[in-house]
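Welcome, and please open your viewer. We will go from stop to stop, and at each one you will hear what to select and what is there.

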Amino acid sequence: MARAGKKAFNRADDDVGNILAMEHVNVTVPDQNLATYFYVNGLGFTRDPYIDFGPFNVWINVGNQQFHMPTNDPQVLRGHVGVVVPDLDQLEARLSRVATRLKDTAFAYRRQGSTIRVTCPWGNQIHCHGPGGFGEMTLGIPYIEFTVPRGTAAGIARFYQRVFDCSTVVKKTRCEVDVGRGQSLRFRETGRVGAYDGHHIAIYVVNFSRPHDFLKDHGLITEESDAHQYRFQTIIDPDSGEALFDVEHEVRSLHHPMYERHLVNRNAEQSFFNYHHGRDAFVP
Ligand SMILES: [Fe+2]
């Protein structure tokens, strides 16, 4: 018989819903050179060395997550992407070095307390945080925050609860959806939500068929990609069926060949002028 412990634990604190991970954000860009300069030289991330699309697409590794950027007219996520970087001071220095070359674009950054808010050359908002606020993460994408129409946050939370078995927190005009171990999807109501331009996110789910059943029953599947992936775009209130917000989700099963793919990350502080043997790789 187990001895009664002295401390009371809330075992639900460690529950994980059906979405195990948010793996990538996909926004098209018109200029691969400029995108690579911004994400690699400016933000300090790493170009995926293995999946190389040449001038047609670039995958950028950020810890265990990625940005995917096929070549096309620029897409802008409605909201912002939260990233964790190893050192905010080093990030600020890198951003100041790329500013001149990006001066004729939408590129901008400003430090606000413990965050650096960065705008990509085409207007995507990236909020960079130092380590400490997102568990053990020192490099990665811990959350995405979408700006959504007024009156939709509670219904969006119901959607992820009902369809994906996620824990959610609703606070007035915001909701937060727990993803896996320390990630989240956030939704914040605002009066101004622009038109949806087709950008997407990719998630991995433990139970692949149950969300599919719901989405198919409601006519929401937009693509049956292959045996291990489907897509949907519209988030609805499961109570009323009302369409609340559009953002395409690439839904992947744990049998998808890229699940838990090892992503290469470099130490962004290495340079010709400041080189240390043995420190090329990023160490979490
Ligand atoms: Fe994708």
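Throughout this tour, helices (H or I, at least four residues) and strands (E, at least two) are DSSP runs, numbered from the N terminus. Residues are numbered from 1 along each chain as its sequence is written. What you see is a predicted model, in which local features need pLDDT of at least 70 and side-chain atom pairs count only at pLDDT 80 or more, while totals for chains, interfaces and linings use all residues.

**Stop one: helix 1**

Select residues 32–42, which form helix 1. Which residues are buried here? They are Ala35, Phe38, Tyr39 and Gly42; a residue is buried if 20 or more other C-beta atoms lie within 10 Å of its own, exposed if 12 or fewer, and partly exposed in between, with C-beta atoms placed from the backbone. These residues cover an arc of only 110 degrees around the axis, so they sit on the same side of helix 1. The arc is that of the directions from the helix axis to the C-beta atoms.

Then step to Gly44, which follows helix 1 and has a positive phi near 90 degrees.

Next, display the open sheet of eight strands, whose order is 2-3-4-1-13-16-15-14, with mixed pairing. Two strands pair if DSSP finds at least two bridges between them. At the edges you will find strand 2 (46–47) and strand 14 (221–226), each pairing on one side only.

Zoom in on strand 3 (residues 57–62) and strand 4 (residues 65–70), which run antiparallel and are joined by six bridges. Select Asn57 and you will find Pro70 of strand 4 opposite; for Val62, the bridge partner in strand 4 is Gln65. The hairpin of these strands has two residues between them, and there Gly63 takes a positive phi near 60 degrees.

Strand 4 also has strand 1 (residues 19–26) as a partner: the two run parallel, with three bridges between them. Val25 has Phe67 in strand 4 as its bridge partner. Five of the six residues of strand 4 are buried, so strand 4 is largely enclosed by the rest of the structure.

Select residues 153–164 for helix 3, with twelve residues and a reach of 16 Å from its first C-alpha to its last, close to the 16 Å expected at 1.5 Å a residue. That expected span is 1.5 Å times one less than the number of residues. Nine of the twelve residues of helix 3 are buried, so the helix is largely enclosed by the rest of the structure. Among them are Gly155, Arg158 and Phe164. Just after helix 3, look for Asp165, with a positive phi of about 60 degrees.

The largest nonpolar core has 66 residues, and those with the most contacts inside it are Val83, Ile144, Ile156, Tyr160 and Ile203. A nonpolar core is a set of buried Ala, Val, Leu, Ile, Met, Phe, Trp, Tyr and Cys residues joined through C-beta atoms within 7 Å. Helix 3 gives the most to this core, with seven residues.

**Last stop: Thr115**

Finally, pick Thr115 in strand 7 (residues 115–119). Is Thr115 buried or partly exposed? It counts as partly exposed, with 15 C-beta neighbours inside 10 Å. Leaving out residues up to four places away in sequence, Thr115 touches His127, Cys128 and His129; residues are in contact if their C-beta atoms, placed from the backbone, lie within 7 Å.

Key
Two residues are in contact if their C-beta atoms, placed from the backbone, lie within 7 Å.
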